[in-house]
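Here are my notebook entries for a first visit to this structure.

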Amino acid sequence: MKKILLGLVAVAVIAAGGYFGLDFYAQRRVTRDVEAAFEQIRAGGAKASHGKIAFDTKSRTLTISDIATELGAQSLVNVKIASLTMTGLGQPDGARVSADNVAFNDVEIGVTGGPTATTASLTYKVPRITVKEYSGPAGLPQLPASSSIFELYRFALAQLASINASSVTAPTLTGTMTFGAAAHAGDGAGGTFDYSGLAIEGMKDGKIASSKTDKVTFTINSQVAGKALKTTGDLANMVATDIDVGAMAAIFDPAKANDDRDYRVQGHVSAGPYVITAKTDDVAAMPGMNMRIEGVTVDDVRINPSRMQLPALLAMIPPQGTAPPSPAQARELLEKVAGLYSGAGIGNAEMHGFSIETPKGPLKLASMRFNFEHGKIGELAVEGLDGNAQNGPFKVGRFALKSLDVASLMRLSAQFAGQKPSPEQALALLPLIEGVEVKAVTSPYKATGKPVNIDVLSLDWGQFVGPIPSKLRLVAKMAAPLDATDPQQQALVAAGIDRMAIDADLGAAWTEASRAFALEPVKLDMAGLLHASAKVALANVPREAFSTSAAESMGAAAQIEAGTIELVVHDLGVIDLAVAQFARTQNVGRDEARKAILDSIKAQSDAIGAANPDATALVTAISQFIETPGQTLVIKLTPRAKAPALQLMQLLKTDPQSALAQFKIEASTGL
């Protein structure tokens, strides 16, 4: 809003001083030049008028009263200025004029939309605007032929970029707005807003050193589900530095449609606290909302005009009240929106100190931050989330998306417009995110009053073959209470274990050059029960194994060969737990149960020993592992020759002894 206001200020100042030369001191000459400037505005199709013109040659002060302009046909823009005073007028060269001080008194800007506009009317009132050490063009620019808001923005920004001033201040600004009947069915909804302490410092060569607003308050009255809704807000301490107005104008300029350069439009922005309150006339049916944000910061904002294609995007948006776009039109529109994202860049954006009242209690968020580069978020991190779920309070220390390609997501969404995506198309969404991380989570487990704790849960994927990742890593460290009503957990509960802690680290990677696939690391630590690690290798894994086509993938799977398998298991109590469970089911003592298990294993060893001595060594090692608690079991299987993995898997189901015979088996135990 400030940029539009300053653009209109520029137009008024230029109109006042346009086309008068070194002899502007003469009252008649000044009057004639001012009249010519207003006539030029009228020649462009706008209405323009003014009252008395006075010029004091001694102080070089020009005063024009009762300035009024009207621009547009369907959407009208009206500007009224009670008086304009320019002190210390000068003309450093033939192209520019200057003034020590420029004052606008009782400024009113009104925008009236057409009958289908969402906003029927918008009015700004500013008691006084003061410009120090002003310098601007001596000639009046050509007004835009169109009255569209797009053209007005472009025009205002272009004029603002041509103005130099040490400062521009407005102590207060008030506004009113009325929503259109199309948006709120004639309910007369609207609102008011007030700005205080507006100040701009260091305008020079299309750049602004800083801009600040001490406070903004607003009140909006509307209707929601037949209920009157009143929304109030209060935003303080808005500060922006290193603003490039010329760069902002580039995104509205059709001539920049092929400009592939990145323009830095803003260095730093901060604001806060920000408080919003919403109340209805029926609190029981609709409780309302209370929200607070302590602060927001944004750094290093950049745009790329050729990627954003903003003029083309705005031209595609259907007017309000018209038929919705067809699927083809929706796809084209989403493609343009994707380009808008790919043309934007943000070095860092952060919100902190967020809180909102909900029917279940307050929801709080310590911070949320992200960076954005050509349509892609480097990392989106949410930290310090604290709220209430159905069964009790929950906390999330950190949740992060490791990279999110927003522009590509929009483009894929464009392909899905009007149709349900196939499984192959849905898989194409996977490469848009590189991973997920969750830390320090505490959440209630059902209605037990006991928490589930997640210290860390991290999942990364990449090295895509088409839409399928060929590299994966999962790290999980968590603990949860056991449910005595769950049949699968009853054995653990009966053994006196009421909580299970798991520490896992699982990795998988495929190397295209060697066509090798490895599961490594594979580590699992179940606190109080066991610690296990494994390595699994596959050979001759072709690229086609990662195909989204089931036929092609299965055909490639037939080529895969089994590799070395290594397993290390350290007993921390799982053997005693298994023996105890067997003893309960058989209604015998633990020693008797352990002996029965060992006898069963020995019988199997005798049966297979003659056919495969290596298998006998394996069974012996397993027996020793069960016989003495706290042992470590080490097993290594090495293929004796090339062995198709699929055939081995089928053989394991029908003839396990023959499957094991395909491997050289090494097995041992140790404390």
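I began with the cover terms: buried means under 20% relative accessible area, exposed over 50%, and partly exposed in between (1.4 Å probe, protein chains only). I kept in mind that this is a predicted model, where local features need pLDDT of at least 70, side-chain atom pairs count only at pLDDT 80 or more, and totals for chains, interfaces and linings use all residues. Residues are numbered from 1 along each chain as its sequence is written, and side-chain values use heavy atoms, with hydrogens and water left out.

**Entry: Arg302.** I looked up salt bridges, meaning a side-chain nitrogen of Lys or Arg within 4 Å of a carboxyl oxygen of Asp or Glu. Arg302 pairs with Asp300 at 3.3 Å, N to O. I noted Asp300 as partly exposed because its relative accessibility is 25%, while Arg302 is buried at 14%. Arg302 also meets Glu373, at 3.2 Å, N to O. Glu373 sits in strand β16 (residues 361-373) and Arg302 in strand β14 (residues 289-303), so this pair ties together parts 71 residues apart in sequence. Strands here are DSSP runs (E, at least two residues), as are helices (H or I, at least four), numbered from the N terminus.

**Entry: Asp576.** Next I found Asp576 and Arg594 joined in a salt bridge of 2.8 Å, N to O. Asp576 belongs to helix α13 (residues 574-586) and Arg594 to helix α14 (residues 590-609), 18 residues apart. Asp576 is partly exposed at 30%, and Arg594 is buried at 16%.

**Entry: the tally.** I counted 26 salt bridges by this rule. One network links Arg369, Glu379, Glu383, Arg398, Glu437 and Lys439.
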